[in-house]
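Keep the sequence and the 3D view open while reading.

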Amino acid sequence: MSASTPGDGIPERFLDAASPAELERYLLTSAVEDWPRELWVQLRVLAVGRMQSSALTHETRLRWGRLALSAIAAMARLQTPQQTTADSARARAYMILEFGVSDSDAARDLPALCSEILRNLGVSLEAAERLTEDWRSAPRERMLQLRRIKSMLTPLLPLHALLKEGDPVFQETRSWMKLIPHLP
């Protein structure tokens, strides 16, 4: 089998590389067009691990973080929007905590992250509050809906201090975050 066939996995030379440069170029080729979900998951895990490696420079770690987000985006067609949002929120929240908020870096744009999460919650805050009242006896689908909401909101908890007063997106986000302890 050639190195570009989907069944091979991520080529070995990328798995040991500290720099993502060659992998970034490889991901622009047609070799990845038909990658199955498992390979995107493998790339996400690899990239998140490298993003969190304090042995690498900040710039290299940010590049790995963007690769993780690329893998998450590639998996979007294979999962619910809420799963994609939760996966992305975890990576982006880490990047914001570790490297700071940035208006010029979409991965570290806190207002955009909050807006994306709010857009994908799927219900109003009032409806979600009502749904949490008796979630233990709720049908399975409602429990899953509430779990998805929690999965999207939880990555924001460490960013709470960055949610400035007065910004409507941050105010709405803080209101939703108060619901987290009541979610399954």
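## Helix H4

The buried residues of H4 are Thr60, Arg61, Leu62, Trp64, Gly65, Leu67, Ala68, Leu69, Ala71, Ile72 and Met75. Buried means under 20% relative accessible area, exposed over 50%, and partly exposed in between, with a 1.4 Å probe and protein chains only. Helices are DSSP runs of H or I with at least four residues, strands are runs of E with at least two, and both are numbered from the N terminus. The buried residues of H4 pack against H2, H3 and H5. Contact here means heavy atoms within 4.5 Å.

The model is predicted: local features need pLDDT of at least 70, side-chain atom pairs count only at pLDDT 80 or more, and totals for chains, interfaces and linings use all residues. Residues are numbered from 1 along each chain as its sequence is written, and side-chain values use heavy atoms, with hydrogens and water left out.

## Thr60

Thr60 sits in helix H4. Its relative accessible area is 18%, so Thr60 is buried. Leaving out residues up to four places away in sequence, Thr60 touches Ala18 and Pro20.

## H4 against H5

The H4 and H5 axes come within 9 Å and cross at roughly 170°. H4 is therefore roughly antiparallel to H5. Axes are lines fitted to C-alpha atoms, for helices over the stretch in contact, and angles run from 0 to 180 degrees between N-to-C directions. Angles under 35 degrees count as roughly parallel, over 145 as roughly antiparallel, 65 to 115 as roughly perpendicular, and the rest as oblique.

On the H4 side, the contact residues include Arg61, Leu62, Leu69 and Met75. Among those they meet in H5 are Asp87, Ala91, Tyr94 and Phe99.

## The largest core

The largest nonpolar core has 28 residues. Such a core is a set of buried Ala, Val, Leu, Ile, Met, Phe, Trp, Tyr and Cys residues joined through side-chain atoms within 4.5 Å. Leu23, Leu27, Trp35, Trp40, Leu43 and Trp64 have the most contacts inside it. H2 (21–26), H3 (37–51), H4 (58–75) and H5 (81–99) each supply at least two residues of this core. H4 gives the most, with 8 residues.

Leu27 is in the loop between H2 and H3. Leu27 is buried, because its relative accessible area is 16%. Beyond four places in sequence, Leu27 touches Val32, Trp35, Trp40, Leu43 and Leu67. The C-alpha atoms of Leu27 and Ser70 are 9.3 Å apart, across 43 residues of chain. Trp40 contacts Leu27, Val32, Trp35, Ala71, Ala74 and Met75, leaving aside its neighbours within four places in sequence.

A second, separate core of 27 residues includes Cys114, Leu118, Ala128 and Leu183.

H7 (residues 125–132) and H8 (residues 140–153) pack at about 125°, with axes 11 Å apart. H7 is therefore oblique to H8. The contact is made by Ala128, Leu131 and Thr132 of H7 and Arg142, Gln145 and Leu146 of H8.

Ser124 lies in the loop between H6 (110–120) and H7. Ser124 is partly exposed, with a relative accessible area of 36%. Its C-alpha atom is separated by 9.6 Å from that of Trp176, 52 residues apart along the chain.
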